[in-house]
Amino acid sequence: MIDWLMLAQAIGLAVIGFAVVIVGLLRKPFNDWILGAAALTLLTLIVQAVASIIAPLAGAGPTGDLFEYWVYLISALLIPPAAVMWALVDKKNEWQTLIVGIAILAVAVMAYRMHQIWFVQVA
Amino acid sequence: MVRVSERRHAGIGRVLIAVYAVLAIGATGRSFVQIVQRFDEAPLAYTLSAVAAVVYIVATVALAMQRSETARRVALAAVCFELAGVLVVGTLSLVAPELFGHPSVWSWFGIGYLFIPAVLPFLGLWWLRASRERVAA
């Protein structure tokens, strides 16, 4: 795993999350841009999941607890699709954008925690 | 009492449900790891961690099922329990760290979750009260 890339992921997602929250607070309805932001969030998590499977096999395991790490990662993977599905089911409601923003922010926090587990924490 | 339009009220409700859902996921994941891996380190704190997770799940579902009177009551009970939980466990984690000084949603008033667990029950209570007034009106 790459230290700076994981940190960049957490920071980038936080920036995207804040942006979507602001757009949501302005009561803009859910659109393709918001869908794109959520898709990008999910994509970074999928890349991260693949890297997390390969890295320990290549002898670069986490400093913290791998089990805890995976609980975080799997939970994080569930959040963007859930938020988007809810938004698509109820497209008329302009509050859905704010919900997607909160979901991305939550993933950003979890990405930061995962970075800590992998690189900082000594179990 | 802040008066908001029907539409906005419903919207805020959705946002509240989403935040509760995220906390439910976070608390469930964390307590699962704690109980599987190191339950004997702090059985009391980790049991409470699991209880907190269940309460968040109940609150999420009950808030989502607002239209039924029973669900509203369940939501109110869950939100009150949460408020008590975050205040009692938050205080105990400072006063008796050997028993409660372990990370959970409620320790140190929810510091690990940006203090959202301390703020959320108040929002939940306000929202439930506002919906009741709406039904009554």
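Me: What does buried mean in this predicted model?
Reply: Buried means under 20% relative accessible area, exposed means over 50%, and partly exposed lies in between. Both Y20(B) and Y56(B) are buried, so each falls under 20%.

Me: What makes Y20(B) and Y56(B) an aromatic pair, and why is the pair called tilted?
Reply: Their centres are 6.1 Å apart. The limit is 6.5 Å, so they pair. The planes stand at 45 degrees. Y20(B) sits in helix α1 and Y56(B) in helix α2 (residues 43–64) of chain B, 36 residues apart. Y20(B) and Y56(B) also belong to one aromatic cluster with F81(B) and W106(B).

Me: How many aromatic pairs does the whole structure hold?
Reply: Six, over all chains. One of them joins F67(A) and F32(B), with 5.8 Å between centres and 50 degrees between planes. This pair crosses between chains, from helix α3 (residues 66–89) of chain A to helix α1 (residues 6–38) of chain B.

Me: Why is F67(A) called partly exposed?
Reply: Its relative accessibility is 31%. That value lies between 20% and 50%, so the label is partly exposed. F32(B), at 45%, gets that label too.

Me: What makes the phi of F109(B) worth a remark?
Reply: The phi is positive, about 55 degrees, although F109(B) is not a glycine. F109(B) is in the loop between α4 (97–100) and α5 (116–136) of chain B.

Me: How do you know that F115(B) is partly exposed?
Reply: Its relative accessible area is 40%, so it lies between the 20% and 50% cut-offs. F115(B) has a positive phi of about 65 degrees.

Terms used:
Residues are numbered from 1 along each chain as its sequence is written. Chains are lettered from A and ligands numbered from 1 in the order in which they are written. This is a predicted model: local features need pLDDT of at least 70, side-chain atom pairs count only at pLDDT 80 or more; totals for chains, interfaces and linings use all residues. Side-chain values use heavy atoms; hydrogens and water are left out. Helices (H or I, at least four residues) and strands (E, at least two) are DSSP runs, numbered from the N terminus. Buried means under 20% relative accessible area, exposed over 50%, partly exposed in between (1.4 Å probe, protein chains only). Rings of Phe, Tyr and Trp (its six-membered ring) pair if their centres lie within 6.5 Å; planes under 30 degrees apart count as stacked, over 60 as edge-to-face and the rest as tilted.
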